[in-house]
Amino acid sequence: LAHTLEGHSGAVLAVAWTKNGRYILSASQDKSLRLWNPHAGTHVKTYSGPHNHEVTDAIISEDNSKFLSCGGDKAFFQWDVTTAQVIRKFVGHDRKINALA
């Protein structure tokens, strides 16, 4: 174990690696996502706001510039990694979204 990454106030429900292996993105019951540099053991950025329930999963785009997150609020969101802004909200599910592929 090289580093312990601490910062979420709730359980971490999912972790996704960037395609280049430099960063990881964690999804949590605290309604947020966090970007980490696991090699340095540092927190890089927090993504929060649109989810009003736990965040259950996240996937990162091939070019590492965007990611999708989903959760208990029956929606999933497309984010810009650099600006931490939501690009698009996808709705239509009538139950919690557990995973993305």
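Biologist: Where does Lys 31 sit?
Modeller: Lys 31 lies in the loop between β2 (24-28) and β3 (strands are DSSP E runs of at least two residues, numbered from the N terminus). This is a predicted model, where local features need pLDDT of at least 70, side-chain atom pairs count only at 80 or more, and totals for chains, interfaces and linings use all residues. Residues are numbered from 1 along each chain as its sequence is written, and side-chain values use heavy atoms, without hydrogens and water.

Biologist: And what is the phi of Lys 31?
Modeller: Phi of Lys 31 is near 75°, a positive value, and Lys 31 is a residue other than glycine. Most residues other than glycine have a negative phi.

Biologist: Is Lys 31 buried, partly exposed or exposed?
Modeller: Lys 31 has a relative accessible area of 40%, so that residue counts as partly exposed (buried is under 20%, exposed over 50%, with a 1.4 Å probe and protein chains only).

Biologist: What about Asn 64, where is that one?
Modeller: Asn 64 is placed in the loop between β5 (55-60) and β6 (66-71), and although Asn 64 is not a glycine, its phi is positive, at about 65°.

Biologist: Changing topic, what is the strand order in the open sheet?
Modeller: The open sheet has 4 strands in the order β1-β2-β3-β4, with antiparallel pairing (a pair needs at least two DSSP bridges). At its edges are β1 (12-17) and β4 (42-48), each of which pairs on one side only.

Biologist: How many bridges join β3 and β4?
Modeller: Strand β3, residues 32-37, pairs with β4 in the antiparallel sense over 6 bridges.

Biologist: Which residue in β4 is the bridge partner of Arg 34?
Modeller: The partner of Arg 34 in β4 is Thr 46.
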